[in-house]
Amino acid sequence: MRNRNTGFARILKHAKALNRLDEILASALEPALSAHCRVAEFRDHCLILVCSNATFATRIRMISQQIIDSFREEGEPGIERIEIRIAPVNRPQPDVRTR
């Protein structure tokens, strides 16, 4: 039973780390770009991002070094490179009331 909890704790810790990286990414990008890009994974000093289409992926590639610098400024020095994948992005949007 103990090994099972340890595995779950490790998964939970990794999920929290990904959420923190996603928050940093969202604050580093302009809002129009942030809505279409999200952190998917971080392993082997590589941050893997998901963008909703090739246009946003290209924009991210063009500013990837600036993004890495933003992560370093926020206390995340382990990111050496960024990979980008295309997939739907489901970032929560603010509630907008309609009449």
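Modeller: R20 is partly exposed, with a relative accessibility of 35%; on this scale buried means under 20% relative accessible area, exposed over 50%, and partly exposed in between (1.4 Å probe, protein chains only). Please keep in mind that this is a predicted model, in which local features need pLDDT of at least 70 and side-chain atom pairs count only at pLDDT 80 or more, while totals for chains, interfaces and linings use all residues. Residues are numbered from 1 along each chain as its sequence is written, and side-chain values use heavy atoms, with hydrogens and water left out.

The partner of R20 is E76, and their side chains form a salt bridge at 3.5 Å, N to O. The term stands for a side-chain nitrogen of Lys or Arg within 4 Å of a carboxyl oxygen of Asp or Glu. Because R20 belongs to helix α1 (residues 2-28) and E76 to the loop between α4 (64-73) and β3, this pair ties together parts that are 56 residues apart in sequence. Helices (H or I, at least four residues) and strands (E, at least two) are DSSP runs, numbered from the N terminus. E76 is also partly exposed, at 24%.

Searching the whole structure gives six salt bridges. Another one joins R59 to E30, with the closest N and O atoms 2.8 Å apart. R59 sits in helix α3 and E30 in the loop between α1 and α2 (31-34), so here the parts tied together are 29 residues apart in sequence. R59 has a relative accessible area of 32%, and E30 one of 43%.

Helix α3 (residues 54-62) lies across β1, β2 and β3 and runs at about 175 degrees to β3. Axes are lines fitted to C-alpha atoms, for helices over the stretch in contact (heavy atoms within 4.5 Å), and angles run from 0 to 180 degrees between N-to-C directions. These three strands make an open sheet in the order β1-β2-β3, with mixed pairing; two strands pair if DSSP finds at least two bridges between them. β1 (37-43) and β3 (81-86) are the edge strands, each pairing on one side only.

Elsewhere, R72 and D69 meet in a salt bridge of 3.8 Å, N to O. They are three residues apart in helix α4, so about one helical turn separates them. Both are partly exposed, R72 at 40% and D69 at 32%. Finally, salt bridges link R81, E83 and R85 in a network.
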